Amino acid sequence: MLIKIKRGWELPDSAATPESVFMNRRTLLKGLATGPLLAAGAAMPFAGGLGSALADEEQEDPSAHLYPVEQNPAYTLDRPLTPEDIATTYNNYYEFGSYKEIWQEAQALKIRPWTVEFDGMVEEPMTVAIDDLLAKMPLEERLYRHRCVEAWSIAVPYSGFPLKALVDFARPLGDAKYLVMQTFEDDDVAQGQRQFWYPWPYIEGLTMAEATNELAFIATGYYGKPIPKQNGAPLRLAVPWKYGFKHIKGIVRFSFTDERPVSFWEELAGNEYGFWANVNPDVPHPRWSQANERFYGPDGQERLPTQLYNGYAEQVASLYEGIENELIFM
Ligand SMILES: Nc1nc2c(c(=O)[nH]1)N[C@H]1C(S)=C(S)[C@@H](COP(=O)(O)O)O[C@H]1N2
Ligand SMILES: [Mo]
């Protein structure tokens with residue numbers, strides 16, 4: 001049987017997806033070698049559990065009663081919100097596939113029980129159940145812009161808590177320099193993780209100064225409800241002055257270290273997706289301009305100029321003063 005599947009490079013965004021970079025350059029041959037197997041999996045969006053996905057939907061999320069939460073008026077927008085149905089159906093989450101339409105596949109993820117590890121340079125390592133953690137954190141709503149390195153953008157209401165509250169809770173040692181976050185691993189439900197040429201698990205990192213900046217946020221809710229699985233349930237990072245790939249989803253571990261981590265995309269193509277990844281319209285990606293963005297608004301898509309630090313320079317520009325010989329905008 002001939003199976004037609006959508007590959008990243010066949011989609012409209014293909015000129016500007018991380019997938020197209022290294023599939024072309026590095027691993028196309030490996031990819032083709034395993035093509036038929038992948039095709040079989042990818043052509044069945046419900047492979048691995050239509051039944052279980054539906055059963056999950058029927059069970060109420062145990063955190064549902066926490067939302068909506070009060071909006072923090074310090075974080076408002078210069079533009080209307082992206083419609084919820086777009087923000088929840090146009091996603092990047094390579095664990096579930098390297099294309100935008102992964103929201104159904106993501107329903108297979110089990111988000112209870114869910115435990116979060118705190119380890120590395122901390123006073124004491126801890127394992128905490130997600131609902132115990134949520135009960136301890138100060139929940140609020142913030143409206144944030146989100147700018148993907150692929151030059152599309154959305155504006156969304158996150159609920160959650162400042163990352164600083166989580167750092168304080170974790171009690172890192174004074175000489176910790178970086179916070180490293182890690183996504184879950186389970187290739188039974190996340191079939192993208194069977195694509196062996198990616199360096200799973202997805203990890204991301206921030207300096208301690210970035211992690212404790214007032215803008216760094218952990219999202220646990222979206223549009224006044226628990227955050228959907230495709231958007232990173234039950235815990236997802238939001239650092240809106242940085243490109244979208246820093247916004248790691250489905251976090252299971254927070255580690256403190258004095259060594260700078262190499263993140264998932266940096267490992268794949270460090271010259272295109274660096275550690276800092278701060279938004280700057282004047283620093284093009286090696287293969288496309290970052291001067292403007294395709295914003296998904298209530299009236300459809302709109303071209304808008306991209307702003308330095310995605311419009312958050314006032315809060316974060318000082319973090320990067322004095323950093324030399326580093327590509328802080330890539
Ligand atoms: N674990 C994980 N987190 C991830 C990704 C991913 O592939 N895996 N994609 C990133 C990218 S490139 C973007 S733009 C945002 C998209 O978030 P959204 O789908 O909620 O808009 O998630 C980020 N977090
Ligand atoms: Mo992205």
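**Close-up 1. Arg79 and Glu293 pair up in a salt bridge.** The closest N and O atoms of the two residues sit 3.1 Å apart; a salt bridge here is a side-chain nitrogen of Lys or Arg within 4 Å of a carboxyl oxygen of Asp or Glu. Arg79 is in the loop between helix 3 (50-58) and helix 4 (84-87) while Glu293 belongs to strand 11 (residues 292-297), so this pair ties together parts 214 residues apart in sequence. Helices (H or I, at least four residues) and strands (E, at least two) are DSSP runs, numbered from the N terminus. Both Arg79 and Glu293 are buried, where buried means under 20% relative accessible area, exposed over 50%, and partly exposed in between (1.4 Å probe, protein chains only). The two also belong to a salt-bridge network with Asp78, Arg145 and Arg147.

This is a predicted model, in which local features need pLDDT of at least 70 and side-chain atom pairs count only at pLDDT 80 or more, while totals for chains, interfaces and linings use all residues. Residues are numbered from 1 along each chain as its sequence is written, chains are lettered from A and ligands numbered from 1 in the order in which they are written, and side-chain values use heavy atoms, with hydrogens and water left out.

**Close-up 2. Glu84 meets Lys225 in another salt bridge.** Here the closest N and O atoms are 2.6 Å apart. Glu84 lies in helix 4 and Lys225 in strand 8, so the pair ties together parts 141 residues apart in sequence. Glu84 counts as partly exposed, at 31% relative accessibility, and Lys225 counts as partly exposed too, at 40%.

**Close-up 3. Lys242 and Glu210 join through their side chains.** Their salt bridge spans 2.8 Å, N to O. Lys242 is in the loop between strand 9 and strand 10 (251-257), and Glu210 is in helix 8 (residues 208-211), 32 residues apart. Lys242 is buried at 0% relative accessibility, and Glu210 is buried at 1%. In total, the structure holds 16 salt bridges.

**Close-up 4. Gln230 sits in the loop between strand 8 (225-226) and strand 9 (236-238).** With 5% relative accessibility, Gln230 counts as buried. Its side chain reaches the backbone oxygen of Thr88 at 2.8 Å. Setting aside residues up to four places away in sequence, Gln230 touches several others, including Tyr93, Trp103 and Lys249; touching, or contact, means heavy atoms within 4.5 Å.

Conventions. A polar contact is a pair of N or O atoms within 3.5 Å; within protein, one must be able to donate a hydrogen and the other to accept it, and residues adjacent in sequence count only if both atoms are side-chain atoms.
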